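Thanks for coming. I will take a few minutes to go through one structure, starting with the whole chain and ending with a few single residues.

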Amino acid sequence: MAAEREKMYECEVKRRRVKAGGGYEPFWKVKNVAVALSDSDTDFRCKDCFGQVKLLGRNGKNGTVPYVEHKLSTDAEFCPSGLLFKKATDGREPRPSAHPVE
């Protein structure tokens, strides 16, 4: 039996926008992972806990959909989108990542 994988199909990507006083400022935008890849986005983080994620399934094989999963298991344990959080039976509360992506 294959191990169950954490698969999140939405994440935040880092974008830039024009500041009122001139120049650019970074901001995070929630996007579907497949759309973010087609838009050539490169900086990703979890939309719920703001932790590091790794990008998987982007090789384009038929029937595969790109997704992200947490890099750190501690993030997955306390993120509402994390597989370990969803499986927990101890009544834990969600919390932001201890190492958020800025």
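From the N terminus on, the order of elements is β-β-α-β-β-β-α-α, so named because helices (H or I, at least four residues) and strands (E, at least two) are DSSP runs, numbered from the N terminus. That gives 3 helices and 5 strands.

Two remarks on sources. This is a predicted model, in which local features need pLDDT of at least 70 and side-chain atom pairs count only at pLDDT 80 or more, while totals for chains, interfaces and linings use all residues. Residues are numbered from 1 along each chain as its sequence is written, and side-chain values use heavy atoms, with hydrogens and water left out.

Now the overall picture. Along the principal axes, the C-alpha atoms fill a box of roughly 55 × 35 × 15 Å. Of the 102 residues, 30% are buried; buried means under 20% relative accessible area, exposed over 50%, and partly exposed in between, with a 1.4 Å probe and protein chains only. Contact means heavy atoms within 4.5 Å. Among contacts between residues at least 6 apart in sequence, 43% join residues at least 24 apart.

Next, strand β1, which covers residues 10-18. Beyond its neighbours within four places in sequence, valine 18 is in contact with Gly23 and Tyr24. Glycine 57, 39 residues away in sequence, is 33 Å from valine 18, C-alpha to C-alpha.

Glutamate 12 is also found in strand β1, but this residue counts as buried, at 9% relative accessibility. Which side chain does glutamate 12 join in a polar contact? The partner is arginine 45, at 2.6 Å. A polar contact is a pair of N or O atoms within 3.5 Å; within protein, one must be able to donate a hydrogen and the other to accept it, and residues adjacent in sequence count only if both atoms are side-chain atoms. Outside four places in sequence, the contacts of glutamate 12 include Trp28, Val30, Phe44 and Phe50.

Last, glutamate 6, in the segment before β1. Glutamate 6 is buried yet has no salt bridge, meaning a side-chain nitrogen of Lys or Arg within 4 Å of a carboxyl oxygen of Asp or Glu. The nearest side chain of opposite charge, lysine 86, is 7.4 Å away. The side chain of glutamate 6 does reach two backbone nitrogens: that of histidine 70 at 2.7 Å, and that of leucine 83 at 3.1 Å.

Conventions:
Lys, Arg positive; Asp, Glu negative; His and termini not counted.
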